[in-house]
Amino acid sequence: MEWLGMVRYVLMSTIKWGILATGGIAATFTEDLKLLPDAEVVAVGSRSAETAKAFADRYGIPRAHGSWADLAADPDVDIVYVANTQNAHYDAVTTCLDAGKAVLCEKAFTLNRAQAAELVDLARERGLFLMEAMWMRCNPAIRKIVSLVGEGVLGPVNTVHADFGISVSVGPGHRLRDPELGGGALLDLGVYPVSFAHMILGAPEKVQSWARITPEGVDENTGMLLGYPGGAAAMLSCGITTHSPVTASISGPLGRIELPHLFFRPDTFTLYLADAEPERFHVPYEGNGMNHEAAEAMRCLREGLLESPLVPWQSTLDVMGIMDEVRAQIGVRFPGE
């Protein structure tokens, strides 16, 4: 009967969303959904009925549910956007898939690759769409860059550089420092440089990493060197005590592409080729840019796809596997692992 659900998506003019969690990123995503005329937020769910109602009132959402299960059981919801903390992604996504709902889940997708693989297997078994909300891969400028690299404008890529560091002063109970919540720089910020490198070079052959660990046992400053067959390399870093440029570059024998500050959501980039003037590309987008991942998820639903070609399951599994290896090398384990 799974094909009947896919026919439903194809025939529907509007895809109806449920929002699981009520934090800042859920608010940003909900705002960006307003940019899509074929998207409608019909329900929000939280562990607290009060916070769900406050979020619903704020955004004019018809229904507020006081549990994940109630949201997942809402018959009007076509797809759920999971936006809680990464330690809870596995349980939240499982709840939604078990209820027959398609899911777009924030990154880091899970705490580790094993959890991610279980969710992918469950989605495949249930015949349901599942996608990591790695909005960077759906960004129009990023997609243009991937196209140019694929066309060979740089020649074979030799190096990728990317960093994501912020300097924040937070206590041990904050999610960035709390191992119970999957804290640390790597899963929260490093997932972007790792995913960027994977997008360009694929899965590495070798991983080397170094880190400074907090008293709570999470990484606060991490460097990574990924090695690939043929000698290509990716130099990546992330940190929660480091005010870094948050830029990226891709280099080959014919030239390089440079991405500016906030490389994961660019609207411009510059192509530098030997013996040519730099060429600046401007690829604008509306809102905060999260609407593109939502539009991709809805396109996949309508086309009957279980996974997005822009953010395929294998890329999510590979990235989680790389971060597992980094954590093993730097000595970071989360409770229950």
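**Note on helix packing and the parallel sheet**

1. Leu186, Leu187, Val191, Val194, Ser195 and His198 of helix α8 are in contact (heavy atoms within 4.5 Å) with Ser315, Asp318, Val319, Ile322, Met323, Val326 and Arg327 of helix α10. By class, this contact of α8 with α10 holds eight nonpolar, three polar and two charged residues. Ala, Val, Leu, Ile, Met, Phe, Trp, Tyr, Cys and Pro count as nonpolar, Asp, Glu, Lys and Arg as charged, and the others, Gly among them, as polar.

2. The model is predicted: local features need pLDDT of at least 70 and side-chain atom pairs count only at pLDDT 80 or more, while totals for chains, interfaces and linings use all residues. Residues are numbered from 1 along each chain as its sequence is written, and side-chain values use heavy atoms, with hydrogens and water left out.

3. Helix α8 covers residues 185-201 and helix α10 residues 313-330; they pack at an angle of about 125°, with their axes 10 Å apart. Helices (H or I, at least four residues) and strands (E, at least two) are DSSP runs, numbered from the N terminus. Axes are lines fitted to C-alpha atoms, for helices over the stretch in contact, and angles run from 0 to 180 degrees between N-to-C directions. The pair α8 and α10 is therefore oblique (under 35 degrees is roughly parallel, over 145 roughly antiparallel, 65 to 115 roughly perpendicular, the rest oblique).

4. Helix α8 also packs with helix α7 (residues 140-150), at an angle of about 35° and with the axes 10 Å apart. Ile142, Val146 and Val149 of α7 and Phe196, Met199 and Ile200 of α8 make the contact. Its residues are six nonpolar, no polar and no charged.

5. Six strands form an open sheet in the order β3-β2-β1-β4-β5-β6, with parallel pairing; two strands pair if DSSP finds at least two bridges between them. β3 (63-65) and β6 (130-132) are at the edges with a single partner strand each, so one side of each has no neighbour in the sheet. On average, neighbouring strands are turned by 25° against each other, direction ignored.

6. Valine 103 has leucine 130 in β6 as its bridge partner. Helix α2 (residues 24-33) packs on the sheet and touches β1 (15-20), β2 (39-45), β4 (79-82) and β5; the direction of α2 makes about 165° with that of β1.
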